[in-house]
Amino acid sequence: MNVLRVSKWTIAAFVLPCLLLYVCLVFVPILVSMYSGLLDWNGIGESRFIGLDNFKKLLFDDPVFWPSVKRTLMFAVFSMLEIPVALFVAILLNRFIKKPNFLVSSYFLPVILSVVIIGQLWKTIYNPASMGGMLNQLLEALHLNDWTRAWLTDPDVAMYSLYFVALWQYLGYHTLIQFTGIQNIPTDVIEAAKIDGAEGLKADWHITFPMNIPIFKISIVLAFIGSLQAFDMIMVMTGGGPAHATDVISTHMYNMSFLSMKYGYGSSIAAFLVVLCLTATVIINFLFSRLERKYT
């Protein structure tokens, strides 16, 4: 009740500094980036206003852009596929392990490691067998020589190799999120379900998943938006190569802005990425709001 009596001006006084900081660090750079997308500018010298020419070139004349969008969306889809796996692992840990905190922490370890360390680790694993690559050596030891590949230099498999690394790195992160959600399900609900005969997979389908939908949505949003912004791991492992085979939107933006010195054009790519992230968030929230209404 005391909280309700606090005046709106007092609340605004406390919220305003953080709000201003958020606007300055998030919204202002987005607006500046969108404006820069209307310029012909190398990022250093004088700029020239060219209107929507950068966006027209982006959408209709850039041979690298749309393939990079496709790879980015595939990256996002693959990242979301690990969420059901993470939920399944969390259910197993909660049900069969008496003290699962150590295992959950172990799964979370790759998230703590630097992306540079992870990138270098997996580059070593993916190396050819002649260079000490563990994966190819293992396949040769199992007499699966036909399965060996130049994992990071073969355009047909390089992107899938990166997908797997991302799944490995963030599985523990989403497992922790799902595990926390499961632990917060009231025990009386679970006990009532057991009395009604709902155990095992039946209880998971009718109790665990419906009550964990808000947490599931958080993981989906984080995985999808994080994948759309994927950059660091790709730059460490492939740099967007070979022959743009692993270029995604963010790496293409970086290459245009800082390597080709087309800062205005790179800003138009950044503006497209912002719109894509916002659109994806709205769609995911809409779909999950309908799903939540169905189960409530």
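L20 is placed in helix 2, which spans residues 8–36, helices here being DSSP runs of H or I of at least four residues and strands runs of E of at least two, numbered from the N terminus. The model is a predicted one, in which local features need pLDDT of at least 70 and side-chain atom pairs count only at pLDDT 80 or more, whereas totals for chains, interfaces and linings use all residues. Residues are numbered from 1 along each chain as its sequence is written, and side-chain values use heavy atoms, without hydrogens and water.

With a relative accessible area of 47%, L20 is partly exposed, a class lying between buried (under 20%) and exposed (over 50%), for a 1.4 Å probe and protein chains only. V32, also located in helix 2, is likewise partly exposed at 47% relative accessibility. Its C-alpha atom lies 8.9 Å from that of S267, although V32 and S267 are 235 residues apart in sequence.

The protein chain as a whole contains 14 helices and two strands, and buried residues account for 37% of its 296 residues. Of the contacts (heavy atoms within 4.5 Å) between residues at least 6 apart in sequence, 70% join residues at least 24 apart.
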